[in-house]
Amino acid sequence: MRRAAVVVATTAMAVSLAACGSAKESDGGSDSSDSAAKKGDDIKVGLLLPENQTARYEKFDKPMIEKKVKELTNNKGEVVYANAKQDASLQNQQVDTMVTNKVDVLIVDAVDYKAIAGSVKKAKDAGIKVVAFDRLAEGPIDAYTSFDNVTVGKTQGEALLQALGDKAKDAQIVMMNGSSTDPNAAQFKEGAHAALDGKVKVGREYDTKEWKPENANANMEGAISALGKDKIQGVYSANDGMAGGIITALKAAGISNVPVTGQDAELAGVQRIVTGEQYMSVFKSYPKEAETAAEMAVALAKGESLDSIANDKVDSATAKGIPAVIVPVVSLTKDNIKETVIKDGFYTIDEICTDKYKAACDKIGLK
């Protein structure tokens with residue numbers, strides 16, 4: 001798939017970039033050939049994803065990683081998959097199982113970035129390299145790929161300000177952040193506050209347990225009750241799933257024409273953008289991220305260097321100088337649906353513009 005043509009400039013890295021230095025100086029990452037025995041294409045890649053409520057994991061990430069591993073190993077590589085369904089304890093058990101099954105490398109998108117640290121160490125002690133995927137897990141991580149998460153939040157905040165226009169200076173908004181167990185959520189929040197602070201009033205702010213739409217819905221109902229339905233001019237939502245729950249609460253209270261942000265370019269989110277119920281989402285090139293994770297995993301499993309793949313280094317709380325690839329992001333609105341999700345092959349016009357949405361699609365020229 002092709003990457004989107006319109007890219008938001010990376011102005012603030014998702015995690016602190018380490019100073020220049022050789023891979024040998026790194027505590028967290030290395031050139032990957034120091035302890036891994038050279039292997040051929042017959043490798044086993046363990047893939048651990050955090051949940052199955054967000055559409056991206058099953059629809060995009062899993063099949064894309066599987067496809068890329070096959071391509072890189074002449075169809076000899078195997079991907080062993082497990083989904084933690086938002087249960088950090090279950091994910092730790094899944095790592096144990098992967099260790100027992102002697103996978104050659106792990107790709108881990110952590111449910112809880114701190115709780116996974118012991119399991120990452122257990123894998124490393126067993127000689128298994130670990131790629132942190134999408135979320136920077138703690139522990140002795142060998143490689144990391146994700147998006148510029150601070151810029152994601154800034155992109156959302158700036159879009160909300162754009163939607164509010166001249167009314168922003170007198171506006172009161174609600175902020176619906178992601179789960180406190182997800183390090184990305186803290187970075188989205190940081191970026192959003194960098195854009196919004198001093199320009200709008202934040203009437204209520206929530207960290208939403210497990211990113212669940214129903215929890216966002218309940219939080220939004222609480223905000224409406226506390227602030228009054230005529231006192232909310234916009235909502236910062238950290239992702240599309242929560243935006244759906246938020247919009248349901250707004251509708252139930254008789255509130256309309258309030259811009260709501262999102263992230264992930266989920267089909268339902270794109271359709272809400274088409275109708276105007278949701279103002280924007282953040283489109284992220286999952287093909288690029290997934291392919292990079294697969295490239296890193298295969299190289300690590302084979303005992304090869306990451307020098308030709310990773311062009312950055314990042315630090316976590318427990319590891320320094322982790323080889324990393326940070327993927328740019330795109331602000332998705334009704335004006336660039338064709339240039340983003342359709343061009344990159346995420347959805348077809350027919351998938352977006354079903355009978356329910358055809359009139360709205362026609363209105364914005366999406367046909």
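A residue is called buried when its relative accessible area is under 20%, exposed when it is over 50%, and partly exposed in between (1.4 Å probe, protein chains only). By this criterion, six of the six residues of strand β11 (residues 322–327) are buried, so β11 is largely enclosed by the rest of the structure. Helices (H or I, at least four residues) and strands (E, at least two) are DSSP runs, numbered from the N terminus.

The structure is a predicted model: local features need a pLDDT of at least 70, side-chain atom pairs count only at pLDDT 80 or more, and totals for chains, interfaces and linings use all residues. Residues are numbered from 1 along each chain as its sequence is written, and side-chain values use heavy atoms, with hydrogens and water left out. The pLDDT is the predictor's confidence in each residue, from 0 to 100. The protein averages a pLDDT of 90, and 90% of the residues score at least 70. Over residues 1–36, however, the pLDDT is below 50. Beyond near neighbours in sequence, this stretch has 100 contacts in the model, a contact being heavy atoms within 4.5 Å. Where pLDDT is low, the predicted coordinates should not be read in detail.

The secondary structure comes to twelve helices and twelve strands. Of the 367 residues in the protein, 57% are buried. Among contacts with a separation of 6 or more, 74% join residues 24 or more positions apart. The protein exposes about 15,100 Å², and carbon and sulfur atoms supply 47% of this area. Accessible areas come from the Shrake-Rupley method with a 1.4 Å probe; for residues, only the protein chains shown count as cover.

Strands of a sheet pair through backbone hydrogen bonds, either parallel or antiparallel. Two strands are taken to pair if DSSP finds at least two bridges between them. Axes are lines fitted to C-alpha atoms, for helices over the stretch in contact, and angles run from 0 to 180 degrees between N-to-C directions.

Strand β1 (residues 44–49) pairs with β3 in the parallel sense over four bridges. Here G46 stands opposite L106 in β3. Strand β5 (residues 143–147) is joined to β11 by four bridges, and the two run parallel. F147 has V327 of β11 as its bridge partner. Three bridges join β10 to β11, and these strands run antiparallel. D312 stands opposite A324 in β11. I322, A324 and I326 point one way from β11, while P323, V325 and V327 point the other way, and all are buried.

A second open sheet is formed by three strands in the order β7-β6-β8, with parallel pairing. Its edges are β7 (201–207) and β8 (234–237), each with a single partner strand, so one side of each lacks a neighbour in the sheet. Strand β6 (residues 172–177) pairs with β7 in the parallel sense over six bridges. M175 stands opposite E205 in β7. Helix α5 (residues 183–196) packs on the sheet, touching β6, β7 and β8. The direction of α5 makes about 165° with that of β6.

Helix α3 (residues 117–125) has the buried residues A117, S119, V120 and A123. They cover an arc of only 165° around the axis, which puts them on the same side of α3. The arc is that of the directions from the helix axis to the C-beta atoms. What covers these buried residues includes α2, β3 (105–108) and β4 (129–133). The face turned away from the buried side carries the exposed residues G118 and D125. α3 is followed by G127, whose phi is positive, near 85°.

Most residues other than glycine have a negative phi. K85 is not a glycine, yet has a positive phi of about 50°. K85 lies in the loop between β2 (78–83) and α2 (88–100) and is exposed, with a relative accessible area of 57%. N257 is also a residue other than glycine with a positive phi, near 60°. N257 is found in the loop between α7 (240–252) and α8 (267–275). At 78% relative accessibility, N257 counts as exposed.
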